[in-house]
Amino acid sequence: MNLSEKADQGSQRFRYIKLCIFFSGLSVFAQLYLFQPMLPMAAEHFKVSVGDTSLLVSSSTIGMALGLLFFAFKADSYSRKSLMVFSLISSALLTIISTWIPSLSLLIGIGVLKGFVVSGVSAVALAYLTEELSALAVPMAISMYLSGNTIGGMSGRILATLIAGEFGWRNAVLMIGIESLLLGLVFWRLFPESKFFNPQKTDYHLKVKQMQFFLTNPYMLRLYFIAALLMGVFVSVYNYLTFRLEDKPFSLSHFIIAFIFLMYTFGVFGTMIVGRLSKRFSMNDILKGTILSMLTGALLLLSENIYILIFGLGLFTLSFFAAHTMASQMTALYAKRGKSSATSIYWLFYYFGSSILGSGTGYILHAYSWNVFMAVLMVSVIIALILATFNTSREKKKV
């Protein structure tokens, strides 16, 4: 097909793609971390520990990681639109069903399934954009998708906290589920079918060979573990900060705590800042600097002064998104071939880090104190900094 037929800025096709890809990011991340601000309510309702309720969040990210591993092999076997529509509609229905589940273990099981199906969107969204849009239109569309991810994560948390505070956590789950279903139906109606992609058989031998190379390459492995550690630390802070703010000396209300999640907007600035810095400094130097800045923000979260804590949270959030942007770019750029395999493994580590550290640190907080909890997280960030320090570009061999 003639490449001139690719959707360009200003065309109706581009407008529909841009709007729908934003909606997809909004839906996915509103659902993925839906339970994060409501963990104290869930712990009280089910009469379990902090660590146990954190599985409501980790189950979805474990499912996401497993789904991304599956779709790393199978995504190209399905229609791009059909896969994304199935992911959005089925995940929304699972969220709505969660409203009436009486058992915590069943709710966790549904979370794994929901994370698995919703990963279909993340698995093919960027591929669709690069296939269907002109080169000039791709950056704007990707920006809209990432904005949808960030705003979805932020608005989902804020909306869930506000509704849960007034009407209970189950009604908050129901409202997010209905909102996600409506977004999925709009996506189904408006999102254009692929013109430049046809489902094809997977070359399993090639995929396995590529993944084997990346998983035995020291440079890539360090980037993968950096992603796992930083994401695990980031999710841990946002999982349990609500417990900290509800407790003395802060004793904040649900309404005030909800707006703490506006700190996610700093993530957008973090991405923009590293984009400019990368023109002047090496990517690995920027990565080290942003990890060090994240460590500084984590240190400020030990404060009992609410203003210092909020400033620390802003710095911590900005630095995480900046470091994540750098690490993911370094991963994609290092892989000259097999980019989808390299980035699939990156996301796999990213979400497994979120799941394992995100839940494990909850048990530490339950058994000890906020200060011990933060000390463990800071050690994790220091390990990531050490890995980045060793990650020079000495390894010249690329795949």
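**Helix packing and local geometry in a predicted model**

User: At what angle do H3 and H5 pack, and how far apart are their axes?
Analyst: Helix H3 (residues 50-74) and helix H5 (residues 104-132) pack at about 35 degrees, with axes 6 Å apart. This is a predicted model, so local features need pLDDT of at least 70, side-chain atom pairs count only at pLDDT 80 or more, and totals for chains, interfaces and linings use all residues. Residues are numbered from 1 along each chain as its sequence is written, and side-chain values use heavy atoms, with hydrogens and water left out.

User: What counts as a helix and an axis here?
Analyst: Helices (H or I, at least four residues) are DSSP runs, numbered from the N terminus. Axes are lines fitted to C-alpha atoms, for helices over the stretch in contact, and angles run from 0 to 180 degrees between N-to-C directions.

User: Is that H3-H5 crossing left-handed or right-handed?
Analyst: The crossing of H3 and H5 is right-handed, meaning that the near helix is turned clockwise from the far one by less than a right angle.

User: And which kinds of residue make the contact of H3 with H5?
Analyst: The contact divides into 14 nonpolar, nine polar and two charged residues. Ala, Val, Leu, Ile, Met, Phe, Trp, Tyr, Cys and Pro count as nonpolar, Asp, Glu, Lys and Arg as charged, and the others, Gly among them, as polar.

User: Staying in H5, is Gly120 buried or exposed?
Analyst: Gly120 lies in helix H5 and is buried, with a relative accessible area of 0%. Buried means under 20% relative accessible area, exposed over 50%, and partly exposed in between (1.4 Å probe, protein chains only).

User: What is Gly120 in contact with?
Analyst: Leaving aside neighbours within four places in sequence, Gly120 is in contact (heavy atoms within 4.5 Å) with Phe71, Leu83, Met84 and Ser87.

User: Where is Ser87, and what does it touch?
Analyst: Ser87 is in helix H4 (residues 80-98) and counts as buried at 0% relative accessibility. Beyond its neighbours within four places in sequence, Ser87 is in contact with Val117, Val118, Gly120 and Val121.

User: Why does a spacing of three or four places put residues on one side?
Analyst: An α-helix has 3.6 residues a turn, so residues three or four places apart point the same way.

User: What about H11, which residues are buried there and what covers them?
Analyst: Gly267, Gly270 and Val274 are buried in H11. They cover an arc of only 50 degrees around the axis, which puts them on the same side of H11. What covers them includes helix H12 (283-300) and helix H13 (306-334).

User: Where is the cis peptide bond?
Analyst: A cis peptide bond joins Lys248 and Pro249, with omega about 10 degrees. Pro249 is in the loop between helix H9 (218-246) and helix H10 (254-258).

User: What is phi of Ser251?
Analyst: Phi of Ser251 is near 50 degrees, a positive value in a residue other than glycine. Ser251 is in the loop between H9 and H10 and is partly exposed, at 46% relative accessible area.

Terms used
Helices (H or I, at least four residues) and strands (E, at least two) are DSSP runs, numbered from the N terminus. The arc is that of the directions from the helix axis to the C-beta atoms.
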